[in-house]
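Open the model in your viewer and keep the selection tool ready. We will go stop by stop.

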Amino acid sequence: LILVCSGVAALLGAFQHSGLIPCVIGFSAMVKQIEIFRGVRSTLHSMNQARAALCALEVEWHASSNMQKRSPFHKMRLIEETENLAFLVEQSAVQGHSAGIVQTAFQANSNRQEEELVDARDDHQEPRRPRSRKNTRGL
């Protein structure tokens with residue numbers, strides 16, 4: 001979509017409609033920011049991984065014997081792995097939405113912890129006494 005918007009902006013410039021170019025560029029920037037905010041790339045990556053894992057589970061299911069398919073352990077493992085994959089996809093979607101907020105909060109928390117460590121270290125040290133300025137050259 002961004003490539004199409006760039007092409008439209010170039011065509012607008014070629015046909016002497018340069019007043020509309022900022023609108024098209026602004027639209028493409030808005031679309032890109034929405035894509036970043038929604039975490040489309042990380043969600044897509046986790047969806048592809050989950051889909052591959054589900055295909056592997058399906059192959060394993062078809063390769064299992066009827067006796068293995070009927071065992072409660074095999075069914076439970078299949079359900080748990082499927083639910084874990086769904087949870088990981090949702091988790092990546094949530095992290096994609098709040099990545100900037102979490103990163104900012106993490107940085108603020110680490111800065112606060114560093115300040116607390118410095119304050120605690122300063123509290124436990126004895127105050128330094130000023131050195132006396134005796135002239136020791138004569139010794």
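Leaving aside its neighbours within four places in sequence, which residues is Thr43 in contact with? Select Thr43 and look around it: Arg38, Ser92 and Ala93 are its partners. Contact here means heavy atoms within 4.5 Å.

Before moving on, some ground rules. This is a predicted model, where local features need pLDDT of at least 70 and side-chain atom pairs count only at pLDDT 80 or more, while totals for chains, interfaces and linings use all residues. Residues are numbered from 1 along each chain as its sequence is written, and side-chain values use heavy atoms, with hydrogens and water left out.

**Stop 1: helix H3**

Thr43 sits in helix H3. Helices are DSSP runs (H or I, at least four residues), numbered from the N terminus. Select residues 40-63 to show H3. This helix has 24 residues. From its first C-alpha to its last, H3 reaches 34 Å, close to the 34 Å expected at 1.5 Å a residue. The expected span is 1.5 Å times one less than the number of residues.

Is Thr43 buried or exposed? Thr43 counts as buried, because its relative accessibility is 18%. The cut-offs: buried is under 20% relative accessible area, exposed is over 50%, and partly exposed is in between (1.4 Å probe, protein chains only). Now colour the buried residues of H3: Thr43, Ser46, Ala50 and Leu57.

**Stop 2: H2 against H3**

Next, show H2, residues 21-38. Two packed helices are described by the angle between their axes and the distance between the axes. For H2 and H3, the angle is about 50° and the axes are 5 Å apart. Axes are lines fitted to C-alpha atoms, for helices over the stretch in contact, and angles run from 0 to 180 degrees between N-to-C directions. H2 and H3 are therefore oblique to each other. Angles under 35 degrees count as roughly parallel, over 145 as roughly antiparallel, 65 to 115 as roughly perpendicular, and the rest as oblique.

Select Lys32, Glu35 and Arg38 on H2, then Val40, Arg41 and Thr43 on H3; these residues make the contact.

**Stop 3: H1 against H2**

On the H1 side, pick Ile2, Cys5, Val8, Ala9, Leu12 and Gly13. They meet Ile21, Val24, Ile25, Phe27, Ser28 and Lys32 in H2.

Zoom in on Ile21 in helix H2. Ile21 is partly exposed, at 23% relative accessible area. Leaving aside neighbours within four places in sequence, Ile21 is in contact with Ala9, Leu12 and Gly13.

**Stop 4: the salt bridges**

How many salt bridges are there? The count comes to 2. A salt bridge is a side-chain nitrogen of Lys or Arg within 4 Å of a carboxyl oxygen of Asp or Glu.

Select Glu60 and Arg77, which form a salt bridge with their closest N and O atoms 2.1 Å apart. Glu60 lies in H3 and Arg77 in H5 (residues 72-124), so the pair ties together parts 17 residues apart in sequence.

Arg77 and Glu81 meet in a salt bridge at 2.6 Å, N to O. Both lie in H5, 4 residues apart, about one turn of the helix. Shared partners join Glu60, Arg77 and Glu81 into one network.

Note on methods:
Helices (H or I, at least four residues) and strands (E, at least two) are DSSP runs, numbered from the N terminus.
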